[in-house]
Amino acid sequence: MTAGKRQWYAVAVHAGIMAACRPTGMRTVKIVIAPDSFKESLSAPDAARAIERGVRQAWPAAHTLRVPMADGGEGTVQAVLAASGGQARQVRVRNALGRPVVAEWGALPDGTAVIEMAAAAGLEAIPPAERDPLVADTHGVGELIRAALDAGATRLILGLGGSATIDGGAGMLRALGARLLDARGQDLPPGGAALADLAQLDLDGLDPRLAGLDIQVACDVDNPLCGAQGAARIFGPQKGASATQIPRLDAALARLADITEARLGQRHRDTPGAGAAGGLGFAAHAVLGANFRPGAELIAELGGLAQALEGATLAITGEGRLDAQTLRGKTPAGVARLAQQAGVPVVALAGALGDGYEALYDIGIHAAFSLVPGPHALEDALANADRYLAERARDITQLWLAAARRRL
C-alpha cells in the first residue's frame, strides 16, 4: 500500500467508526473547516465558505464549523474577526513610502486590538517598480498602534509578515514618540539606509500608554535581526533590495542594534523573530516589550480552534501552497498539531503542492491535494480558486461518505 493510500485508509477507518452505513442514518458528525487565505485569490473567510459549500454539495445535512485561520501575515484581521467577532476599524495612515492610505484593524470586545503590519507597510500595496527598501519605513504601523490606544485597547496582537520595509521598526517607534538622531542631534530621515547614521535613540517621548499595553507578536519566522540569516540578507531580495544594497542595509540594522543595546542595556538582535517584517520584530521586542508567539497558534487560540475540534470527525485546512516550509509555523501545520491532539484526521487543500509537502504527514496531515483539476495557467487558477476549492471539498466529502457506507 502506498503512503497516500495509507493516509486515506486512516481517514476512512475513522470515518467508518464514527458514522453509520447510510448518509440518511448517520448521527450528527462535525467537520471543522480551518483554512488560511489563498494569496491573491481568496481570504481565509472566503476560503472557508467555499470549502463548506463543497462539503454540503456532497452532504447537505453535514454539520460544519468554520474557523478561518492565519499565521500573522495578510488576512490576520479578517480571520480573527470572522472567527471570534469584533469590529473592523479603519484609520488613515502612511504606507511604506509615506503616502496616505486607509488601513484596517480589528477591535475585539475584550479590549484586544488586532493589527497587521502589512495593512500599513505591506509589500503588495507597492508597485514593483516603486519598491525601495532603502527608504521604505514602518511609520504607518505606529499610527495603527496609536489608533488602537486611542480606542482604549489593553492588549495588542501584532501580525508580522508581507512587509515592504527593512527599517528595524524605526518608523513605528518614531510614530509612537521616539526620536532617532544622528551625531548632530538631527532626526534621521525615513528608511533602513538612514540607520547607518544613527547616534542616539531617544525614548523619552514614547507614548506612556504603551506601558499598560500587553503586546503579543504573531509571526512565523525565527530569523535574527542581522547577519547571514537576518532581515536584509534573507528577506531583502523579495522587497526589491539589490545585491549591493543588502550588505548596506544589514550594516544599518546592526547599527540600530548597537545603539539600542547601549540605550537599554540589553541585547535583542539575536532574539528569534527579531528579523521578522524587516526587523520590526526587533523594535517590538526590544523597545515595546512584546512577546513572540507562533502566528497560527495565536490565531487558533483567538478563534477557539481547539474547542471547535472537540468531538469533530474531520478537519479540512489549506493555503496557497504546501511544501516543506509549511512545517515552520504555517497555518496547516498549526491546525494539524491541534487536530492530532484531539484525535481528528486532517485533509489539506492547496493551490500547489511543492517539494517536501509529504513531511506534513508526520505531524497530522492525513492527505493533501492540489485544487486545480489539471494543467492550468496561474491566472486561471487564481481566478477560479473559489470554484476549485469547493469542488475538491466536495470530492473529499464524497470519499468520506463512501468510506462511511462501507462500515470500515
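Two residues are taken to be in contact when they have heavy atoms within 4.5 Å of each other. With this criterion, Thr-397 is in contact with Val-55, Ala-58 and Trp-59, leaving aside its neighbours within four places in sequence. Thr-397 sits in helix H14; helices (H or I, at least four residues) and strands (E, at least two) are DSSP runs, numbered from the N terminus. At 2% relative accessibility, Thr-397 counts as buried, where buried means under 20% relative accessible area, exposed over 50% and partly exposed in between (1.4 Å probe, protein chains only).

The model examined here is predicted: local features need pLDDT of at least 70 and side-chain atom pairs count only at pLDDT 80 or more, while totals for chains, interfaces and linings use all residues. Residues are numbered from 1 along each chain as its sequence is written, and side-chain values use heavy atoms, with hydrogens and water left out.

The chain is assigned domain 1 (30–67 + 305–405) and domain 2 (76–295), with bounds that come from an automatic or database domain assignment. Their contact takes 7 residues from domain 1 and 6 residues from domain 2. The C-alpha centres of domain 1 and domain 2 lie 32 Å apart.

Empty space is the next topic. Rolling a probe the size of a water molecule over the atoms shows where such space is left. On a 1 Å grid over the protein atoms alone, a cavity is a set of points where a 1.4 Å probe fits but cannot get out, and a pocket is an open set with protein on both sides within 12 Å along at least five of seven lines; lining residues have an atom within 4 Å of a point. Grid points are joined across faces, edges and corners, and a volume is the space filled by probe spheres set on the points.

The largest pocket has a volume of about 1,500 Å³. It is lined by 50 residues, of which Lys-39, Glu-74, Asp-220, Gln-238 and Lys-330 are the closest to its centre. Two or more lining residues come from each of several elements, among them helix H7 (231–235), strand S11 (314–322) and strand S12 (346–353). Each of domain 1 and domain 2 supplies at least three residues to the lining of the largest pocket. By class, this lining has 19 nonpolar, 16 polar and 15 charged residues; Ala, Val, Leu, Ile, Met, Phe, Trp, Tyr, Cys and Pro count as nonpolar, Asp, Glu, Lys and Arg as charged, and the others, Gly among them, as polar.

The search of the whole structure finds 1 cavity of 30 Å³ or more. The largest cavity has a volume of about 40 Å³, and its lining divides into 7 nonpolar, no polar and 3 charged residues. Lys-239 is one of the lining residues of the largest cavity, along with others including Leu-123, Arg-131, Pro-133 and Ala-164. Lys-239 is placed in the loop between H7 and H8 and is buried, with a relative accessible area of 3%. Leaving aside neighbours within four places in sequence, the contacts of Lys-239 include Leu-123, Arg-131, Pro-133, Ala-164 and Gly-278. In helix H8, Gln-245 is buried with a relative accessible area of 19%, and touches Leu-134 and Gly-240, not counting residues up to four places away in sequence.

A nonpolar core is a set of buried Ala, Val, Leu, Ile, Met, Phe, Trp, Tyr and Cys residues joined through side-chain atoms within 4.5 Å. The largest such core has 69 residues, of which Val-141, Ile-145, Leu-160, Met-172 and Leu-288 touch the most other members. Helix H8 (residues 245–264) gives the most to this core, with 8 residues. Not counting residues up to four places away in sequence, Met-172 touches residues including Val-141, Ile-145, Leu-280, Ala-283 and Leu-288.

Helix H9 is largely enclosed by the rest of the structure, because 10 of its 11 residues are buried. Among the buried residues of H9 are Leu-280, Phe-282 and Ala-283. Ala-277, also placed in helix H9, counts as buried at 9% relative accessibility. Most residues other than glycine have a negative phi. Ala-277, although not a glycine, has a positive phi of about 55°.

Finally, Val-93 is found in strand S3 (residues 87–94) and counts as buried at 3% relative accessibility. Not counting residues up to four places away in sequence, Val-93 touches residues including Arg-99, Pro-100, Ala-120 and Leu-144.
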